[in-house]
Amino acid sequence: MKYFVYLRGLQGNQGDKWLNGQVTVKSSSYYRIRIERVVGNSFQGDAAIDDLRIFENPCVLTPPDADPSNIVPTTTSTKPTITNPPGPYDCTFESGLCNGWENMANNRFNWTRVQASTVAAPEIDHTTNTVQGYFMQADLSKGQANDYARLKSPTLNNPQCMTFYYHLLGQGGTLNLYMAAGDNLGISLWKRKGTQGDLWRFGRMEIKKTNVNIVFEAIAGPNSIGDVSIDDVIFTSGACKESAAIGESCTFTDFAQCGFTQNATASSLQWKTYTGSDTQVRTTPIPFDHTTGTNRGSYAYIDLESQGENLNGRLYSPMYKSTKTQPYCLEFYYVLAGSNNTFNILTETTGSTPRALFTRNYDHGFIWNKGEITLPPLNNVRIVFEIITGYLRQGFVALDDSMVKEGECSLRANECTFDDNTYCSWTNAADNQFDWILRNGTTPSADTGPNGDHKIYFDNRPRCFSFWYNMYGVDVGRLIVYVRSLVSANLTSESLVWALAGPRVRGKSFEGDIAVDEIGVQQTDSCKLQPFEADPVEVSQALVTCRFEDDFCQWKFDPTGQFNWTRHTGSTGSSGTGPTTGADNSPFYIYIEASYPRVEGDRAGLISPYISKPIGTMCFQFYYHIDIPYNFALKLDGYVGSGWEGDISLDEIFLTDGECPPTDWCDFETSFCGWINDTTCDFYWTRTQKATDSIGTEPTTDHTTGTDRGYYIYIETSSPQIRGQKARLISPMYTQASSVCLKFHYHMFGPSIGSLNVLIAGTQRLLWTKSGNLGNRWRYGHVTVRNDDQYQIAFEGVVGSSFQGDIAVDDISLANGPCEEEGSCNFEDGTFCGFYNPKDEDNFDWALNQGGTISFDTGPTVDHTTGTSVGYYAYIESSFPQNHGDKTWLVSEILESPKGACLDFWYHMKGNTTGNMSVYHRVLDAKPTSLWFKEA
């Protein structure tokens, strides 16, 4: 068995200081620690941790008020709870499945009435906002791909406006609404797809027909995980009412109903309502509204065709009289087609001059663009939407889905999700060899490309270029981002800022599709490079790497040489000289043939691809083979480059007898790195890619690259291996060591896992061991090695009770000095040690940082370990795109402390809106046990 320990539970502002936390962990078997942070309600809520340590003795809960029983539910709602008495069709599901509501007979799986306390999510219902409340839920894991669960309402005898609350959390789920006549569903009139966050969201749909039923349909996708829930389905007789009140959305079915008015002078442009095929629009209109995405919706518009110059049309919101001293966000969608027109948004109070907050004055195309403006406290303020015509007298402006809500805006106005089947303001470059194309679902090529677009927007920080990408296929090439400088109308200099994967601009086959989605640019500060391996310096270094197994990679022949290098396998053509194989027994290598017609002094040159300007020291490594049957000298040539910034330096040159020392790191990407199988054992370790041959036990990717193209080593426990047999992989010989830290990653997943041991070879002294099923992920292992003589390390795999017991190892390294204790981390090496951010289990990630955080007046300015701004600590950033109530977990490696242990750590929680922090531990997938909780 194994345990997890979560850290999730301090709430609120704890001040600008590092505080000590301790909690006792009791377990008779393996366990893990999980650290979780819940975001407060603004950016001033950063929290940090440092100096995690595990002691082999119990300790006193510190601070004393870190009581886990104080944890409150984290599911939130976008609307108040329901207080009105139920009508004949209404259902809050508190007393059961209301009269007339039923699962449809042809369901592949069903909706179930559940209590919040009995399910993983949501943690509270919407009606009562408690764990005791009830709602309807469709468990997506009970359905296969495209299976559906349909819940039908009673028959509605007259037109209604239906409101409801929905909760869609997980992956692969869809919620559709239909207005059905009997078993005839018709077309979907409302849809939400993919996770919508851990909160109850408000929905509304107008039912215009009589004698119909409303059907809520949950659809499971491939490998769906999560649930679809609904609550508080309320019907109001008649049409849905429009409103521009705070927290309500005006969809412009009738902007007067929302309380909007306009200037009515003869010289003013007049806003109108567009529905369907309105013939008054003489320029090409937007054929669909933003609200529904269909031609059945509505929006406000002004046709600018042949209008006079410098005319204006103003649309005024109702007066807002909020007494709350807090910011608000105006969110809206607009179309601005045609050049030389100006679209402004202003605020004004009675008797004052309007204040401009938003201006656009160029052609945005016939597409819906999202706009957001953070407003000051609303005290007798109204909002003005204004269009001013230019001298060209053409164009079109439209407005939809205007909403004022509490809190600051998310600054995502420059985002492009491609979901409206347009490129937004992006264009294919004129000099492309082929073009980017829009697509939904899968690509035309089999086994490559994404299964669909990405529906969750991630980090879009100030002056940050953000996007989602998919690079799937056995022969994916490269995705590269350049910055082109714009001078007047000309595109000039170009610089590489992001690059990822593959040695070729195009791969070698059709299985190499690349997709991007949700592009955004913001005019604020910088952001962290994601992923770290897309660093252009690192990418250019990777392009230099070449094993010469297929070709010369990105290396080119030097045209100034007298002859060229030759790629070859086996012995060279000259007797008594040259190698017989490549390095590490690989087949191919490159060489120069010194036989006739070559003469003394001839040169063959090989030139690497361009390398981005380095920010620090770089190491160039290579294998060479030279036959020298005579006295010799070594010559080092330095060549001057094209400018003065080209100094080259050398230092500390040595020449020693014997073999070069063994490498202290191996990722198995190209070879065994000098590690060898022990031939006295029962069978051998194998180096491989992708999954192993045994079903339900293998890693699907290596640890180094995180892809199925990377290599790792494993033991195959299928026949002819039998229980108890062993395979040992032995390292090269290392010099004596007072203390060296051996680090590695291992994978032990399957119902019949045996054991993985780390030994000193020869003496068989046991250094480290793990046994049994530890879950389907790569784990971090480390152990301190001390030996007075030369030594070799052995990884020993022991076969379990059946074929489902494969064990894998990757990324072995040695570093001077002892290891941290298990479960301990001061983050000073710039890593999380054995802790990790889980995938698909929380809302965002912990990050490592030095000095202050990017948010004002929150977070530490120094770490706890060194007390300086250069020391590292782990923290969570509460700014956008994080939302109130979002959680993040930091999970420990698997730990074992049968005598009990003390978790000691230092935490920092400063900010006016800091959330909470807690500690949990969990056995396997059982319900976690809360150990420690703190509010700021």
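The model is a predicted one, in which local features need pLDDT of at least 70 and side-chain atom pairs count only at pLDDT 80 or more, while totals for chains, interfaces and linings use all residues. Residues are numbered from 1 along each chain as its sequence is written, and side-chain values use heavy atoms, with hydrogens and water left out.

**Around Gln-137**

Remain at Gln-137 and display strand E9 (residues 134–139), where this residue has its place. Helices (H or I, at least four residues) and strands (E, at least two) are DSSP runs, numbered from the N terminus. The side chain of Gln-137 also reaches the backbone oxygen of Ala-121, at 2.8 Å. Is Gln-137 buried or exposed? Gln-137 has a relative accessible area of 6% and is therefore buried; buried means under 20% relative accessible area, exposed over 50%, and partly exposed in between (1.4 Å probe, protein chains only). Next, show the residues in contact with Gln-137, that is, with heavy atoms within 4.5 Å. Leaving aside neighbours within four places in sequence, they include Asn-110, Trp-111, Thr-112, Asp-227 and Val-228.

**The disulfides**

Select the cysteines next. A search of the whole structure finds seven disulfides, each a pair of cysteine sulfur atoms within 2.5 Å. A disulfide is a covalent bond between the sulfur atoms of two cysteines.

- Cys-91 and Cys-98 are joined with an S to S distance of 2.0 Å, and their link is right-handed, with 85° about the S-S bond. Cys-91 is buried, at a relative accessible area of 1%, whereas Cys-98 counts as partly exposed at 23% relative accessibility.
- Cys-161 and Cys-240 form a disulfide with an S to S distance of 2.0 Å. The torsion about their S-S bond is about 105°, so this disulfide is right-handed. The pair links distant parts of the chain, 79 residues apart: Cys-161 lies in strand E11 (residues 160–180), and Cys-240 in the loop between strand E14 (213–237) and strand E15 (249–250). Both Cys-161 and Cys-240 are buried.
- Cys-825 and Cys-833 are joined at 2.1 Å, S to S. Their link is right-handed, with 75° about the S-S bond, and both residues are buried.

**A strand pair**

Now display strand E2 (residues 19–25) together with E49; the two pair in the antiparallel sense over seven bridges. Strands pair if DSSP finds at least two bridges between them. Which residue of E49 stands opposite Val-23? Leu-903 does. Strand E49 (residues 901–909) is mostly covered, with eight of its nine residues buried.

**The largest cavity**

Finally, select Thr-663, Asp-664, Trp-665, Cys-666, Cys-673, Trp-675, Tyr-734, Ile-812, Ser-813 and Leu-814, which line the largest cavity. On a 1 Å grid over the protein atoms alone, a cavity is a set of points where a 1.4 Å probe fits but cannot get out, and lining residues have an atom within 4 Å of a point. The volume of the largest cavity is about 40 Å³, volume being the space filled by probe spheres set on the points, which are joined across faces, edges and corners. Strand E34 (665–666) and strand E44 (807–816) each supply at least two residues of this lining. The largest share, three residues, comes from E44.

How values were computed
Polar contact = N/O pair within 3.5 Å; in protein donor to acceptor, adjacent residues only side chain to side chain. 1 Å grid on protein atoms, 1.4 Å probe; cavity = no way out; pocket = protein on both sides within 12 Å on 5 of 7 lines; lining within 4 Å.
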